[in-house]
Amino acid sequence: MERDSENRRSFRVEEYIYLAYELLSDEEFAEGFERRKLRLGSSDGVRSVLVDIDARFSEKIFLLKNEASLVAECLTLLNDKIDIAISQMPNLKSSQTALANRAPQVCELSAEGIAFGASEDLRPGSHVAVRFLIASENRYVESFATVVRQIEPLANDTHNYPYAVAVEFNGMSSAQKEIIIQHLFSKESETLRMRRLELEASG
């Protein structure tokens with residue numbers, strides 16, 4: 001089981017991701033992710049938890065429409081009502097709104113870090129706060145990260161960013177890391193399934 005977990009952590013996928021980052025000073029990085037959230041008024045991960053729940057809830061309502069349209073309609077109304085209440089708390093909605101207004105970009109994601117295109121020259125050793133939604137599953141993740149190296153722009157990214165970097169996550173909660181690991185495991189399983197089907201078809 002431990003070996004399987006390590007395999008999932010080292011597995012990397014190219015994925016469409018809604019991503020935003022903010023360059024941090026050494027002082028901001030040193031204070032730690034949780035202390036920074038406390039200072040900004042978003043303690044205990046409330047913001048990230050709400051955004052993640054909202055994304056998953058919307059996905060389930062969409063799937064439910066085919067099986068029980070009336071139930072889905074009632075849940076949609078309830079969700080809209082809750083959204084109105086949450087909209088009165090700007091700090092809790094700002095992350096989702098900012099990300100939703102961005103076009104997704106191709107990134108290379110692993111459990112330990114992410115590689116992405118950037119509009120500015122981020123040097124190795126630079127610290128950033130990253131926030132992103134995994135487009136295929138609408139799962140929200142946020143963490144501090146450190147630029148470990150500059151890379152060539154990702155070939156499949158249509159944004160044509162002049163720079164690209166690989167960053168390593170710092171201080172990510174175990175729950176958030178597990179979101180990424182489960183996503184990677186799902187993608188790996190799908191890749192293996194497709195390979196089996198190709199082998200069966202060619203045999």
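Predicted model: local features only at pLDDT ≥ 70, side-chain atom pairs only at ≥ 80, totals over all residues.
Taken as a whole, the protein chain has 203 residues, and 37% of them count as buried. Its secondary structure amounts to seven helices and six strands. Read from the N terminus, the elements go α-β-α-α-α-α-α-β-β-β-β-β-α. As for contacts in the protein chain with a separation of 6 or more, 74% come from residues 24 or more positions apart.

Strand β4 makes a handy place to look next. Spanning residues 127–134, β4 is mostly covered, as seven of its eight residues are buried. One partner of β4 is strand β1 (residues 13–24), and the two pair in the antiparallel sense over eight bridges. Here leucine 23 stands opposite valine 128 in β4. Strand β5, made up of residues 139–150, also runs antiparallel to β4, and eight bridges join the two. In this case leucine 133 sits opposite tyrosine 140 in β5. The hairpin of β4 and β5 has four residues between the strands, and in it asparagine 138 takes a positive phi near 55 degrees.

Now for the rings. A pair of aromatic rings is described by how far apart the centres are and by the angle of the planes. Three aromatic pairs turn up in the structure. One of them brings together phenylalanine 29 and phenylalanine 144: the ring centres are 5.7 Å apart and the planes are at 25 degrees, so this pair is stacked. The pair links distant parts of the chain, with phenylalanine 29 in helix α2 (residues 26–31) and phenylalanine 144 in strand β5, 115 residues apart. Phenylalanine 29 counts as partly exposed because its relative accessibility is 22%, whereas phenylalanine 144, at 2%, counts as buried.

Another aromatic pair, between phenylalanine 132 and phenylalanine 169, is also stacked, at 6.2 Å centre to centre and with 20 degrees between the planes. This pair too links distant parts of the chain: phenylalanine 132 belongs to strand β4 and phenylalanine 169 to strand β6 (residues 163–170), 37 residues apart. With a relative accessibility of 0%, phenylalanine 132 counts as buried. Phenylalanine 169 is buried as well, its relative accessible area being 7%.

Key: Residues numbered from 1 in each chain as written. Heavy atoms only, no water. Buried < 20%, exposed > 50% of the residue type's maximum accessible area, 1.4 Å probe, protein only. Pairing = 2+ DSSP bridges. Phe/Tyr/Trp six-rings, centres within 6.5 Å; stacked < 30°, edge-to-face > 60°. Contact = heavy atoms within 4.5 Å.
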